Each structure stands twice: as structure tokens, then as C-alpha cells.
Amino acid sequence: MRIDVLTLFPEMFEGPFKASIIGRAVEAGAVEIHVHNFRECARDKHHTVDDAPFGGGPGMVLKPEPIFDAVEKVRSGGGQRGPLIYLTPKGRQFTQSMARDLSSLDGFILLCGRYEGVDQRVIDHLVDLELSIGDYVLSGGEPAALVVADAVVRLLPGALGDEASTLEESFSDGLLEYPHYTRPAVYRDFEVPPVLVSGNHEAIRQWRKEQSINITNSRRPDLVRRTHTLEARNENG
Ligand code: ADE
């Protein structure tokens, strides 16, 4: 997979893309990540990337030319032709199932906005998908691009190593994950649930399922409703 990131702050990606799972996936060759500063595509000698909004009002708007040029540069030459994803609080809510869909692509481009956002012509004529990571406003799309890249890259074959499966974790079956415990079995009088040390695999499986359902019911009843609605839809064809 190849991920290209277009940003005015490439330094925000240096640490996160080198560390941990993403770093390992890059090292293992599962993903190539290219971060581009689209200020380099600005056409004037001051490298201007923003301007005041037509019609007046506060803030600045990112100009279309540097962004069109940067995307065209990535897509030509040795670049990739995957979808252009713009990170914005106005976008569709990013979910685990979108992360799975994106993980099956050869690549995609993440465009990070700043200030009041980008000129609408970028969205209308260049962007394929607008994504939001949640109902809050960040100072730019960079942290959101990191979230999307992380959620996708960890799903790539080889990224987590053989020991871990992404199929049993939170959201993969529409439920939150059950609690985990490890040694010691008793710590400061706090005991692990006896079923987990019983050796009864069927009882453990049942307990985990019940815990998943209970925690999802109490914390995210919306997820339970969504899963059941989907199941009912599938049953009714
Ligand atoms: N840019 C600013 N806020 C954002 C959000 N919540 N999600 C995605 N991109 C953003």
C-alpha cells in the first residue's frame, strides 16, 4: 500500500510514522508513506497558500492552485491513483468498517486542511471522500490523518505480526471488546474472574461474549441497535 499525505506541517508526521506499529509496517514493506508540503507548490515568491474569503468574513481559506498542483504531482510520475480523502469536521464519520475498506486499496491520498478550510472547488472537483474523526474541531486535519493512517495500516497483513488478530477486537463484530487480565491471578487482593482460570474454554467464550454485550449495552447502546438492525436486515434479505 502507498499513502501520500498533503500538509503544511510535515514535521507533525515525523515521530508518529516512525514509531510502533506504523513504523514496523513501513520497515516490513507493508506500506510506503510519503508526506508532501503543498506550500512547495505555491506559485508566488512568498509561497502563499491562503487568502481572504470572497464575500468577506473572518479567517483565511486555502487557495486551490497549490492543492490541485500537489495532487496532480502525486498522481503523475511514480505516484498513485487512489482516492483523495479530505479530513474535515464536515465529513462522514470515520469508522472501523471504513478502515477495513481503505485497507484493501493499493493506496490513497490524505489532504489536511487548516484555517477556515479549503476552497470549495477543491472539494467539488478533486476530493473523492470527506472524512471526520469525530464531533469536535481540531486546529488542522493532521491529527485526523494520523488517526486514519494508523487505523488502516494496523490492518495490513504483517503489520501486527503473527501474534495478534484484528478480527476479535472492538467494533469488528459491532461490539466493544471484553475485559482482559494477565498474571498475577491475585494482585493486592484483586482477583481475576475465576472463569478465566478455570480452563473451561466454552465457559470462557460465553463469559467474554456476555461481557462484550453488557459493556456495549451500557456504554454504546447505539452500536447494539446498529448491529441488531443490520442482522435483522440480513435475515430478511
Ligand atoms: N479537521 C478539523 N477537525 C477535524 C475533525 N474532527 N475530523 C477530521 N478533520 C478535522
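**Ground rules.** I am working with a predicted model, where local features need pLDDT of at least 70 and side-chain atom pairs count only at pLDDT 80 or more, while totals for chains, interfaces and linings use all residues. Residues are numbered from 1 along each chain as its sequence is written, and side-chain values use heavy atoms, with hydrogens and water left out.

**Domains.** I looked up the division of the protein chain: domain 1 spans 2–153 and domain 2 spans 170–235. The bounds come from an automatic or database domain assignment. Their C-alpha centres lie 36 Å apart.

**Second largest pocket.** I noted a volume of about 370 Å³. A pocket here is an open set of points on a 1 Å grid over the protein atoms alone, where a 1.4 Å probe fits, with protein on both sides within 12 Å along at least five of seven lines; lining residues have an atom within 4 Å of a point. The volume is the space filled by probe spheres set on the points, which are joined across faces, edges and corners. I found 25 lining residues, with Tyr86, Leu87, Thr88, Pro89 and Gly117 closest to the centre. Strand E5 (84–93), helix H5 (120–125) and strand E7 (129–132) each give at least two residues to the lining. E5 has the largest share, five residues. Helices (H or I, at least four residues) and strands (E, at least two) are DSSP runs, numbered from the N terminus. By class I read 12 nonpolar, nine polar and four charged lining residues; Gly counts as polar, Tyr and Pro as nonpolar.

**Ligand.** I find 13 residues around the ligand (a heavy atom within 4 Å), and the closest are Thr88, Ile133, Gly134, Tyr136 and Leu138. I then checked polar contacts (N or O pairs within 3.5 Å). Thr88 places a backbone N or O atom 3.1 Å from a ligand nitrogen. For Gly134 I also read 3.1 Å from a backbone N or O atom to a ligand nitrogen. A polar backbone atom of Leu138 is 3.0 Å from a ligand nitrogen.

**Arg75.** This residue lies in helix H3 (residues 64–75). A polar atom of the Arg75 side chain is 3.0 Å from the backbone oxygen of Gly82. Beyond four places in sequence, Arg75 has contacts (heavy atoms within 4.5 Å) including Leu84, Ile109 and Asp128.

**Backbone.** I flagged the cis peptide bond between Arg183 and Pro184, with omega about 5 degrees. Pro184 sits in the loop between helix H6 (142–153) and strand E8 (186–187). Ser20, not a glycine, has a positive phi of about 55 degrees. I place Ser20 in helix H2 (residues 20–27).

How values were computed: Polar contact = N/O pair within 3.5 Å; in protein donor to acceptor, adjacent residues only side chain to side chain.
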